[in-house]
Amino acid sequence: MESRYALLLCCLLLPVCASHPLEPFDSLFDTAVEAYYKGDWLTVILNMEKALRNKATVRSVKAQCRLGCANQTAFGDRLSGSGGASVPGAGSVEDLGFFQKILQRADCVNSCEAEKLGTPTVHWVTAEVELEFKKRTPYNYLQVAYFKINKMDKAVAAAHTFFLANPDHMEMKQNLDYYKMMAGVEPEDFKDLEAQPHMAEFLLGKSYYSDDSFGLAAEHFEAAVGEYFTADKECRALCEGSYNYDGYNYMEYSADLFQTMTDHYMQVLNCKQHCAVELALTAGKDEPFEDFLASHFNYLQFSYYNSERYEQAIECARTFLLFHPGDEVMNQNLAYYSAVLGEEKARAVAARQVVKLHIQQSILEKELLYFGYEAFGITFVDPDTWTPEDVMPKKLRDKQKAERETTARITEEIGNLMKEIETLVEEKKKDSSDMAMILAPQEGAAPLPGDIKVTMTASQLNGSQRVLLDGVTSEDECRELQRLSNAAAVKGDGYRGRPSPHSPSETFQGVTVLKAVKLGQEGTVPLKSARLFFDISEKVKKMLESYFRLEAPLYFSYSHLVCRSAINEKQEDREDLSHPVHVDNCLLVSELNECIKEPPAYTHRDYSAILYLNADFEGGEFIFTELDAKTVTAEVRPQCGRVVGFGAGRQNPHGVRAVTGGQRCAVALWFTLDPAHEEKERIQAQAMLNMFSTPVNAEFIKKEADGASEPPPTAAEPAAQADPGKTDGAQDDAPARQEPGAEAGGAADPAKGRAEAPGAKVKAAPKAKAKAAHKVKPAAKKDGKQTVKTQSKQGVKKDTKPAAKKTVKVATKKDSKKADANAASASDSQSGKEEL
């Protein structure tokens, strides 16, 4: 087998022999599929890999031939042998010169492709085969074949490549979950074999940019720009293919010479314009990156600024302004860079010529397409956001404006109608609610297990979909979970390893359920502690389902055992929060009192809960606020066994006051009503715990010893978390257009804005002001209304200002009853089951 596989590798690595014509990839694909059903795995691999390689070769050859022939037969040269004279009765010589170049180019392309690929018809494939390759179907076959010959790294790469293009493929999802638990499988094995070079470089640049590694970010963004223009040339060349009749019956198509040329050329130009969309797409993302090419220079100008390379920053800022000349923020950044470098030197730095030419060509194409739209009704939808308004003819602009106004009017009318319907529904609900108060128990009336008690309801917490419970865990259980965190948690877990993701005055550590169970399996931590983590979170889920009287079950979206620790030397004059005010399933824009429910927010989250494990620390109170992120409506002091549960939507903005001393530990839980977003790591953890808890089966052991059954795979660290939730609901950073800062030397200092997740990170020198920053003051504004406070054992700071509306503070209370000493051990293991 090994020798056969070595031979296979040699075959795969050999270049295509020039003396033999290229085999058609559809024929190789069919051969591989036949071998698959026969179980001939090496033949599957040999033919499927060759099919993928030959398809790429056909594409590359066609692009190279068309680009090469375009350079050899450029339009604009005089007709050879004409001397510039006119031909009587035959129109201008320039027309003949144009068609001469057309004929020469056609001959050049045909000869080039025939020399490198053989007969053109050999490589014509059906639309069905093209679709199979577009869906990455070959990688589905390859992952099975590589798995069968025990080449796990290649099987994982093939499976990952297929899954990126088919995220709803449940079987492949299960395969990937299985691979993640296999010994020997590394995170780097999960790679996209079809990744385009320009997109791979761009995503790497974004990753380094998010980590503030601006030097490396600039290198990758520059590489991405170069690769982009290479890919753009190839994409445009491939648009010059055969005419797609697209709705015409080609047997009845009877256009004359110039109409035929017009139809085909408009189709080619439409395709070339669409290349901007094609190149902005990446596997696993439904929508293309917005303003893709321009965004490279947005990232670059700020990366160069942070690297103190001001000439390059100016060049990139000027290049960005070619796309958006009126962008206020970028113009202010350019003014700042020019002031730092010196106005005279700055004037000598120009925008990039390659981008200028690209924009000029694109605008000319758009003008031709709009002319075709007006004259012949050939539809064109501009894919770019940067196109100058005057490129579109005034007649079309007026028409589109009228259509937008009509759409807006209809939308407004529908909105008003919906409001009327909602008002009627609310009135109906109120009537039903009033009746329910007489006939049925109120929210939360469902019995809760054991000694758990409802300390405060939603109305007492000044909101809706809120509850405060006490007595959920015992003191012993709290201590055990806190020990588990300190033994198993990783600094910066869930935040790309950043130890202080929310505040520079605190460190953050966390551990997921699956990680805890794996460490328990290895003996690094007590397995019963990991089981307690799992069981307690299940208990909280059931309590929320019961209290909120949910008709549908909740599913875990993410589970995280976390601790925040104060850094003693960084507490002086501290004004920030331990965790800024946010909403768990939408992006909070506090300046507008809005919350936008769209990615990168975890829009699938429906409920959240936090189980507190200790009270021996300073600060760290949990707060609910209004959408302004300033008006505190309720405050909760953590203590062992206390749970705050709430709806994850816009009605419950929340945050955490600064932890100024000690360590604050909690179990943070997020839930969804959509099973499609259930936490996959938790399912794996449950499977492992079930395996460890099953009584030893003598017959199974005997069979295993005899080799009759395969041992279960050893769990390996997964490549990524299924739902990388940020503790207490943080969102991922998403770099966006830069925001100006305070004036310095007559120019605004540039800031690194975060459009998707408000906030800003900048160098120490410039002052930053983000577009949608949500800095939160620890105390609310004073408006004369009384603040209701419950005495806390930890005390309340004297300088706390009264809130804009009634604020409830819940203090820590020592439990009057001591937990039964045997309770923890009873919950740790089940009767009649043996720990393995």
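Okay, let's start with C239 and C271: a disulfide joins them, S to S 2.0 Å. By disulfide I mean a pair of cysteine sulfur atoms within 2.5 Å. The link of C239 and C271 is left-handed, with -70° about the S-S bond. Helices here are DSSP runs of H or I, at least four residues, and strands are runs of E, at least two, numbered from the N terminus.

Quick caveat: this is a predicted model, so local features need pLDDT of at least 70 and side-chain atom pairs count only at pLDDT 80 or more, while totals for chains, interfaces and linings use all residues. Residues are numbered from 1 along each chain as its sequence is written, and side-chain values use heavy atoms, with hydrogens and water left out.

So, is C239 buried or exposed? Buried, because its relative accessibility is 10%, and buried means under 20% relative accessible area, exposed over 50%, partly exposed in between (1.4 Å probe, protein chains only). C271 is partly exposed, at 32%.

How many disulfides does the structure hold? There are 7. One of them pairs C478 with C640, sulfurs 2.1 Å apart, and that link is right-handed, with 90° about the S-S bond. C478 sits in helix α18 (residues 475-488) and C640 in the loop between β12 (632-636) and β13 (643-647), 162 residues apart. Both C478 and C640 are buried.

Then there's C65 with C112, sulfurs 1.9 Å apart.
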